[in-house]
Amino acid sequence: MAIKILWIDDEIELLKPHSIFLEKKGYETQMINNATDALEIIPNENFAAVLIDENMPGMSGLEALMKIKEIKPQLPVVMITKSEEEHIMEEAIGAHIADYLIKPVNPNQILLSLKKILDRNKLITEKTVVNYQQEFRKIAMDLMNARDYDDWKDIYKKLVFWELELENIEDNQMAVILEDQKREANAAFFKFVKKNYHDWLHTDDKPVLSHTVFKEYAKPHLSKDKNTMLIVIDNLRFDQWKTIEPLFSNMFNIEKEQMYYSILPSATQYARNALFSGLLPSEIEKRFPDKWLNDNEDGNKNQFEKEFLDDQMKRLGLSDLTTQYYKILNSDFEKKVLDDFHKYKNKNLTVIVYNFIDILSHAKTDNQIVSQMIRDDKTYRSITKSWFENSYLLQIIKKAQEEGMKVLLTTDHGTIFVRKPSQVIGDRETSTNIRYKMGRKLQYDDNDVFVIEDAEGYYLPRVNVSSKYIFAKEDVFLAFPKNYNHFVNYYKDTYQHGGISMEELIIPFITLSPKS
């Protein structure tokens, strides 16, 4: 069936050869020599696109364009004009034209424009599928040959790249294949971390970790001569960063896009305290015995981040810098931080901890409406972007850019969509996290967890002599036998963190330089 096109031009008789050419290519072209008549038939016809001359007697192309958009806002319109005047182009682009061509045009130009508009999704799908099929084999080889933490960063980046590419095409089959490849990658990644994590804590051959990231990635940008903003968005995964990255393009140059590894457990109490203190958990407990709370103790386990940061900056020789610290837990305080920008814009370092994504991931578990909205990673990314576009935090970042501040954007850990339950038995002192457990006399499936019995050797606090840690692999979540079925149904297909997966452990640290 031919694709119907409307062509409006006061010299339409001269364009007959173009019409014949398009008909041979599968397009049915209706030719009209004035905009007034065209506007009468547009409401009653299903045109795929409109070609319109800008310079016509009577109603001009720009005037007609506005009226077409009022009648059918989604109808693609291609503006054709003899004029290259900038203001005409700007008006047409501002009215959301689909394309802009300069006379004289040849039939192939028209055909290319129509294909770009009408067949774009089909062409992108075909090209993307072919490219991923080729890349699939390369990634499979990378998985077989991965030897170190940098190899795994590269693999994860490639998987995220293709995940974002494939979510915008019409062929869902490729996304299913990629999901299987991600599962295979996470299975191999779990074995890699299990084998190497101890050495990372005791040798120089290690990635940048939670307790070294401030020293390695943030410190080089700090001085009394300039002002920097460090934003820690709790639970921000690398794929979520790539989704919001375009929002920064008009304000900042991406100076560096680096990755670092969260420590275990990949949970806020451990990873974020390590980030701000520059210490591993057992070192924090020893240095600040009155400020560290173990899993089985009541109280806010992240209430001393400012004190930990001050101590680390002193050890790093940065105590002469002026600093400001904010932890944003709700929109009212977020608005206050925006309104108070004048109070901290001249600080050498402003730290903002933002908990929205962590709150969102928990809401997926606790709120039925949010649970329906976030069905998978694609919808999770979409809601993250929607939030960020409309957040006061983005306005704060815009003000920082206007003041010429460098912005460092990072997180403390990621999160993973859990699907597979694994039963764990423990005593009443066993911790409640879904992705890791700490306790005595733990019983578990060895195939599903990484076990740490020597807590001191991994710089983890030991509550008592017989306590141990276990960390869930891949998309496994840990469930107690009591009310097992209810527990499994409640937590299955939710976002959790604390265990071992690429999504939780390999996380972004972005350096943004303001554009003038």
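Me: Is Asn235 buried or exposed in this predicted model?
Reply: In this predicted model, Asn235 lies in the loop between β6 (228-233) and α10 (238-244). Its phi is near 80°, a positive value in a residue other than glycine. Buried means under 20% relative accessible area. Asn235 has 0% relative accessibility, so Asn235 counts as buried.

Me: Is Asn483 buried or exposed?
Reply: Asn483 is found in the loop between β16 (476-479) and α20 (484-491). It is not a glycine, although its phi is positive, at about 50°. The cut-off for exposed is over 50% relative accessible area. With a relative accessible area of 54%, Asn483 is exposed.

Me: How does Met66 count by its relative accessibility?
Reply: Met66 is found in helix α3 (residues 61-71). Residues under 20% are buried and those over 50% exposed, with partly exposed in between. Because its relative accessibility is 39%, Met66 counts as partly exposed.

Me: What distance separates the C-alpha atoms of Met66 and Met502?
Reply: The C-alpha atoms of the protein fill a box of roughly 90 × 50 × 40 Å along the principal axes. Met66 and Met502 are 436 residues apart along the chain. The separation of their C-alpha atoms is 49 Å.

Me: How many of the residues of α11 are buried?
Reply: The buried residues in α11 include Thr268, Arg272, Asn273 and Phe276. The helix is largely enclosed by the rest of the structure, because the buried residues number 10 of the 10.

Me: Which residue with a positive phi follows α11?
Reply: Helix α11 spans residues 268-277. Among its buried residues is Ser277. After the helix comes a residue with phi near 70°, and that residue is Gly278.

Me: What kind of aromatic pair do Tyr270 and Tyr436 form?
Reply: The count of aromatic pairs comes to 35. In the pair of Tyr270 and Tyr436, the ring centres are 5.9 Å apart and the planes lie at 90°. Planes over 60 degrees apart count as edge-to-face. The pair of Tyr270 and Tyr436 is therefore within the 6.5 Å limit for centres and edge-to-face.

Me: Which strand holds Tyr436, the partner of Tyr270?
Reply: Tyr270 and Tyr436 are both buried. Their pair links distant parts of the chain, 166 residues apart. Tyr270 is in helix α11, and Tyr436 is in strand β13 (residues 436-439).

Me: Which ring does the charged end of Lys291 sit over?
Reply: A charge sits over a ring if NZ of Lys is within 6 Å of the ring centre and within 35 degrees of the ring normal. The charged end of Lys4 sits over the ring of Phe47, 5.4 Å from its centre. For Lys291 the distance to the ring centre is 5.4 Å, and the ring is that of Phe304.

Me: How is α14 placed relative to α19, roughly parallel or roughly antiparallel?
Reply: The axes of helix α14 (residues 331-339) and helix α19 (residues 392-402) come within 9 Å and cross at roughly 15°. Angles under 35 degrees count as roughly parallel. That crossing angle is why α14 to α19 is roughly parallel.

Me: Is the crossing of α14 and α19 left-handed or right-handed?
Reply: Among the residues that meet, Ser331, Glu334 and Leu338 belong to α14, while Tyr392, Ile396 and Lys399 belong to α19. The crossing of these two helices is left-handed.

Me: How do α1 and α5 lie, roughly parallel or oblique?
Reply: Helix α1 (residues 16-24) and helix α5 (residues 107-118) have axes 9 Å apart and pack at an angle of about 50°. That angle makes α1 to α5 oblique.

Me: Which residues of α1 make the contact with α5?
Reply: The crossing of α1 and α5 is right-handed. On the α5 side, the contact includes Pro107, Ile110 and Leu114. On the α1 side, the contact is made by His18, Phe21 and Leu22.

Me: Which residue does a cis peptide bond join to Lys103?
Reply: Omega of this bond is about 0°.

Note on methods:
Residues are numbered from 1 along each chain as its sequence is written. This is a predicted model: local features need pLDDT of at least 70, side-chain atom pairs count only at pLDDT 80 or more; totals for chains, interfaces and linings use all residues. Side-chain values use heavy atoms; hydrogens and water are left out. Rings of Phe, Tyr and Trp (its six-membered ring) pair if their centres lie within 6.5 Å; planes under 30 degrees apart count as stacked, over 60 as edge-to-face and the rest as tilted. Helices (H or I, at least four residues) and strands (E, at least two) are DSSP runs, numbered from the N terminus. Buried means under 20% relative accessible area, exposed over 50%, partly exposed in between (1.4 Å probe, protein chains only). Axes are lines fitted to C-alpha atoms, for helices over the stretch in contact, and angles run from 0 to 180 degrees between N-to-C directions. Angles under 35 degrees count as roughly parallel, over 145 as roughly antiparallel, 65 to 115 as roughly perpendicular and the rest as oblique. A crossing is left-handed if the near helix is turned anticlockwise from the far one by less than a right angle, and right-handed if clockwise. Contact means heavy atoms within 4.5 Å.
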